[in-house]
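Hello,

Here is the structure I said I would pass on. My notes follow below it.

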Amino acid sequence: MEMEAAMGLMRRMPPKHTETALSALLSLLPHHSSDLLSQVDQPLQVLRDIESGKEFILCEYNRDADSYRSPWSNKYHPLLEDGALPSVELRKLEVEANDIFAIYRDQYYEGGISSVYMWEDDNEGFVGCFLIKKDGSKTGQGRRGYLQEGAWDAIHVIEVGPEEEGTAHYRLTSTVMLSLTTDNESSGTFSLSGSIRRQMDMNLSVAEGHLCNMGRMIEEMESKLRNSLDQVYFGKTKEMVCTLRPPSEVVMRLPDS
């Protein structure tokens, strides 16, 4: 019951307050700390890889103790001598996935930071985590500069089963966290935030490789999530604003003939 209540609370918490709420729950329910940390998605944080000079995203999937593994150098920051690492074969796939996903990120997000992590599971398959963080604020990587504050955090976790007769089972769990704040003369101060999670299962041929299949699934899922966010958050917000403050009627008059 405690865990169900905690998860219900976190589902209703705006993403910008997730970290504060999770910290409070960890203090109240220390015996559920591992479950809370593994099941609650938090806004993504970024760290710079000292060796490569590139930034990478921090999450539970590349953490070991208090260190985080960089997908660029495959080393932990801060340094951790015995940190968990993917197999040689899976590391090659991880490197390729990071290069390809960076292209996808630039084409769809026009900037931002992406990271991909992979590890073996207990069912003779593997799991991949694809992360994107886009800062759309005036001071961030945003190329439009309309928002005082703005962030899009996307987390895609794909479980890949072992190959059977040329096919594999893929289970994709995706979470998107969105928050934005405007502060200008035309709109005033306005804040909107929320999160959405969806899951997709597919059996696909591995003839073209796992990355092709995972890429198509992520592309399809992100399209669905963007449409859902547009309808649920922006659509409903616009509907409520127009209901509470209907636009004044405009009378069109023809010039005197």
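**Helix packing and other findings**

Helices α4 and α5 run roughly parallel to each other. The angle between them is about 30 degrees, and angles under 35 degrees count as roughly parallel. Please keep in mind throughout that this is a predicted model.

Of the 257 residues, 40% are buried. Taking contacts between residues at least 6 apart in sequence, 52% join residues that are at least 24 apart.

Helix α2 spans residues 18-28, and its buried residues are Thr18, Ala21, Leu22 and Leu25. These four sit on the same side of α2, because they cover an arc of only 100 degrees around the axis. In general, an α-helix has 3.6 residues a turn, so residues three or four places apart point the same way. The face of α2 turned away from the buried side carries Glu19, Thr20 and Ser27, which are exposed.

Glu19 also turns up among the contacts of Gln45. Gln45 belongs to strand β1, residues 45-48, and is partly exposed, with a relative accessible area of 42%. Leaving aside residues up to four places away in sequence, Gln45 touches Glu19, Phe56, Ile57 and Leu58. Gln45 and Cys59 are 14 residues apart in sequence, and their C-alpha atoms are 7.4 Å apart in space.

Last, the sheet. Strands β3, β4 and β5 form an open sheet in the order β3-β4-β5, with antiparallel pairing. Its edge strands are β3 (63-64) and β5 (76-77), each of which pairs on one side only. Two bridges join β3 to β4 (residues 67-69) in the antiparallel sense. Asp64 has Ser67 of β4 as its bridge partner. As background, strands of a sheet pair through backbone hydrogen bonds, either parallel or antiparallel.

Regards

Notes: Residues are numbered from 1 along each chain as its sequence is written. This is a predicted model: local features need pLDDT of at least 70, side-chain atom pairs count only at pLDDT 80 or more; totals for chains, interfaces and linings use all residues. Side-chain values use heavy atoms; hydrogens and water are left out. Two strands pair if DSSP finds at least two bridges between them. Buried means under 20% relative accessible area, exposed over 50%, partly exposed in between (1.4 Å probe, protein chains only). The arc is that of the directions from the helix axis to the C-beta atoms. Axes are lines fitted to C-alpha atoms, for helices over the stretch in contact, and angles run from 0 to 180 degrees between N-to-C directions. Angles under 35 degrees count as roughly parallel, over 145 as roughly antiparallel, 65 to 115 as roughly perpendicular and the rest as oblique. Contact means heavy atoms within 4.5 Å.
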